[in-house]
Each structure stands twice: as C-alpha cells, then as structure tokens.
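Have the sequence and the coordinates open side by side.

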Number of protein chains: 2
Amino acid sequence: MSTRLEAPRRAPGRPRSLEADEAILEATVDVFAEVGLEALTMEGVAARAGVSKNTVYRRFPNKLDLVVSAVRCYTNVGAPPPDTGTTRGDVQALVDDLVAIVTATPMGRMLPILVAARTRTPELDLAYSEIVADKRARSAAVVRRGITRGDFRTDVDIDLVVDAFVSPVFYRLLVTNAPLDEAFRTAVVDAALRAFGA
Amino acid sequence: MSTRLEAPRRAPGRPRSLEADEAILEATVDVFAEVGLEALTMEGVAARAGVSKNTVYRRFPNKLDLVVSAVRCYTNVGAPPPDTGTTRGDVQALVDDLVAIVTATPMGRMLPILVAARTRTPELDLAYSEIVADKRARSAAVVRRGITRGDFRTDVDIDLVVDAFVSPVFYRLLVTNAPLDEAFRTAVVDAALRAFGA
DNA sequence: TAGTATCGGTACGCCCCCGTTCCGTTACTC
DNA sequence: GAGTAACGGAACGGGGGCGTACCGATACTA
C-alpha cells in the first residue's frame, strides 16, 4: 500500500512530448480547415506536425477523435459576457469579439467546414452545438440586461435580437465574404438597436 | 458538300437516355448533399442513379465536372424581383422565396456543403458566386425601389439592408437550425424595415 | 439489313489511406 | 546502470476509389 493513492507520480519511461501534443493539434486544425473531414488523413496531419504517424495514434485512437479534440481545444467556452456600462457598448463588444474570433483564430478557418461536417457527424455536431450555445447564452445575457435598462423593448424576442447582430457576421463570413471592417460592425449594432430599441 | 452545315441531324447510333441524364444529376445532388465533395464517389452516384459507372463517365469526364454541372442545373438564376405594390410586401416576398428555396429544393440541402467546399474548389466557388450574386441583385433592386418610394432612408447602405433581412435566414439554416416559420419570417422583415425605414 | 453509339456489367492497374506492427534510438526514473 | 515508454521511420494487409477498357445486348438511322 505504500504508493497507492499517493500524489500522482510521474510515470516511468520517456514522457510524452508536449511539443508534439501542440504540433499535432495545430496541424489537425490546419488540415481540417483546408481539406475538410473526409479528406483529412492521419498521414497528412503527422507530416504537417513534423511527427511520425505512430506518435499521432499513440494520442488519438482514430481520425474522428483527433478532429473533435482539436475543435474542442481551440475554443474558449465559459467567457463572461461583456460589461461596458452601456447596452450599445456591450452589444458592440459582442460583435467585435465574434469578428475577432472568426478572423484571428483557427475557429474562423474551421467554421465553414464545421457547418458542413456537423450535419453528418454526431460527435462533431455535439462539440459545435456546445460552442454555439455558449456564445448565444453570452449574447442573450447582454440583451436581457439591455431590456432591464430600458434600451430594448420589453416585448422583444431575445433570440431575434441576438440573431439581428450576430447573423450578418456569419452571413458575410460564410456566404458573401464581404468585409467585416469597423464600419460594418458599428452599422450592425446600430441597426439592431434601431430595430429593437425602445 | 451535300450534308455539311445542314440542320443538326440526329447522330447515328443509339441515342443517350434522357432518363439517365436526369437520374444522374438527381443522384449527384443527393449524394453531394449527404456526404460532401470529397466523399462523393462516381460509383456511389452511379449506384444511386441506377446506372452503370460507364454511363456516368460518358457524360461527365470527372467528378468535379459532374458536381458543378449538378449544382448549376438546380438553380433558377434570372428570376425577376417581386413586385407586390408595397415595399413591405416585396421584402416579405424575398424572404419567403429564400426560405422556400432552402427548405424545399435541393439547393437547401447542398448549401452547407457548398459553403465548405467552395473555399478550396475554384470551379464550385464560381458557380456558387454566380448564384449568390444573382439573388443579391434581385434583393438590391427591391431595396432601391423602396428608397425611391420613401420607405427606406436615402442614405442607407443597400448591402447592409439586404444583409439585414437575408442573413438571419442563412444563420438559422447554417448555424443554429432554429425554425424558419412564418412568425420568424415576418419578424425579420419587421426588424429590417424598422432599422432602415424612413 | 448493315452500321453505329448507347446500354449494363465486369474487370483492370494504379494510387492512396487506415490502423497495426516491428525496428533501433532517445529521454527520463529508480 | 537497469528499466521503461516515448520517439522517428518503415513496412504490412486490407479496403476502396479513379479512370479506362472490354464485353454482349440494345436502340436507332440509312
């Protein structure tokens, strides 16, 4: 009983390479965003990561597990809603955050692929749905606070308000590839406040 | 010179089966929407169409050509913009049309796949862009007419107005899968008119 | 009737990927 | 130094798709 239930000791043998961990996940995101789920190959990921295929299989039992892990890894769920003091400021922060995520993180490159792949891969759909639900909950909290402040009408459908300032970003990103510049972002907030404001 | 440049005579030999033509295109849309571009196989399309692989290759030289042809085939580009007499009626018609297309035609099933595949397949991106441009031109014409009617402010950005009543539909279709019922469609039109109306 | 191009079916060579297994080497613990 | 488990590299069997080629049968023209 001497070693049982003691503090977690390091396992014997050569430890896993942390650099390999990170390189594999990054390579997975890159390849996934570039070629999609079906055309992503374990050999391709290993080569991109500068790692042997053996090293990938030692961490992830199969392709789907690898991709789901990579998607989950690169999302910051659980962030608190913004609180700038004004409803306009909060909504603007939500829009700016969203644009920042889809333009400056791997999530933006993965999103088109995720949208397509989730319809036929339950495991991916689950991870994707959790992320979307988290982001929408943040937005809904801001809208609810705006209602109590008197900045939104009391009878608005919260989902519709969230749709109003979120959907144009996704639409330009996924459908038209129109720019997401500052003029656009402020115009989106402006339109939402005018459409649902008191 | 007797037969040259005459009216196009029927070619000798057994004619192509029109049923096969149609079955192949329908099967391509189905398989494409279900499994995506990479996982779509010529064997799978032929089997779904009830046709030999030989018959598919006799019409389309390769997989990409087959898919692009199928996408192009199932779109009604060139339809005139609606004219109901009122700006609200026109915008509502545009929204209802869009929802009808994405819920009741093969285009709706293909859209998520197209969004993902176009980023890495120039031929698909071209076909997709032509469709989007055609639909947006229809919407822009309605908005312009609304401005001259005095129903939209004269200083609005037409692209932003189109985004306002189109993007929620795409967002719910591609991102949240929320319902596209009548209450939603009228609420979208309502919000757009309130946000950009005079 | 002769000629032609389609039809479905089958098979082929080629290439690629999956997931596993084996090496010899390397890094870390006891 | 002994033991252990990771590492890179290479190979394997199995499976599957691509695009081509051939077959006898069929449909249509001249």
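Helices (H or I, at least four residues) and strands (E, at least two) are taken here as DSSP runs and numbered from the N terminus. On that basis chain A reads α-α-α-α-α-α-α-α-α along its sequence, that is, nine helices and zero strands. The model is a predicted one, in which local features need pLDDT of at least 70, side-chain atom pairs count only at pLDDT 80 or more, and totals for chains, interfaces and linings use all residues. Residues are numbered from 1 along each chain as its sequence is written, while chains are lettered from A and ligands numbered from 1 in the order in which they are written.

The overall dimensions of chain A come next. Its C-alpha trace spans about 65 × 45 × 30 Å along the principal axes. The radius of gyration of chain A is 21 Å, whereas a compact globule of 198 residues would have one near 16 Å; the radius is taken over C-alpha atoms, and the globule rule is 2.2 Å times the number of residues to the power 0.38. Of the 198 residues in chain A, 36% are buried. A residue is called buried if 20 or more other C-beta atoms, placed from the backbone, lie within 10 Å of its own. Two residues are in contact if their C-beta atoms, placed from the backbone, lie within 7 Å. Among contacts in chain A between residues at least 6 apart in sequence, 66% join residues at least 24 apart.

Helix 4 of chain A, residues 63-73, shows how burial is arranged in one element. Its buried residues are L66(A), V67(A), A70(A) and V71(A). Seen down the helix axis, these fall within an arc of 130°, so they line one face of helix 4; the arc is that of the directions from the helix axis to the C-beta atoms. An α-helix has 3.6 residues a turn, so residues three or four places apart point the same way. The cover over the buried residues of helix 4 includes helix 1 (18-39), helix 2, helix 3, helix 6 (106-117) and helix 7 (122-149) of chain A.

How are the two chains related?

The contact takes 31 residues from chain B and 31 residues from chain A. On the chain B side, helix 1 (18-39), helix 6 (106-117), helix 8 (158-176) and helix 9 (182-196) each supply at least two residues. Helix 8 of chain B has the largest share, 12 residues.

A residue is near a strand if its C-beta atom, placed from the backbone, lies within 6 Å of it. Around DNA strand C there are 28 residues, of which R14(A), T41(A), G13(B), R14(B) and T55(B) come nearest. Helix 3 of chain B gives the most to this surface, with four residues. DNA strand D is surrounded by 27 residues, the closest being G13(A), R14(A), T55(A), R14(B) and T41(B). Here helix 3 of chain A gives the most, with four residues.

How values were computed: A residue is buried if 20 or more other C-beta atoms lie within 10 Å of its own, exposed if 12 or fewer, and partly exposed in between; C-beta atoms are placed from the backbone.
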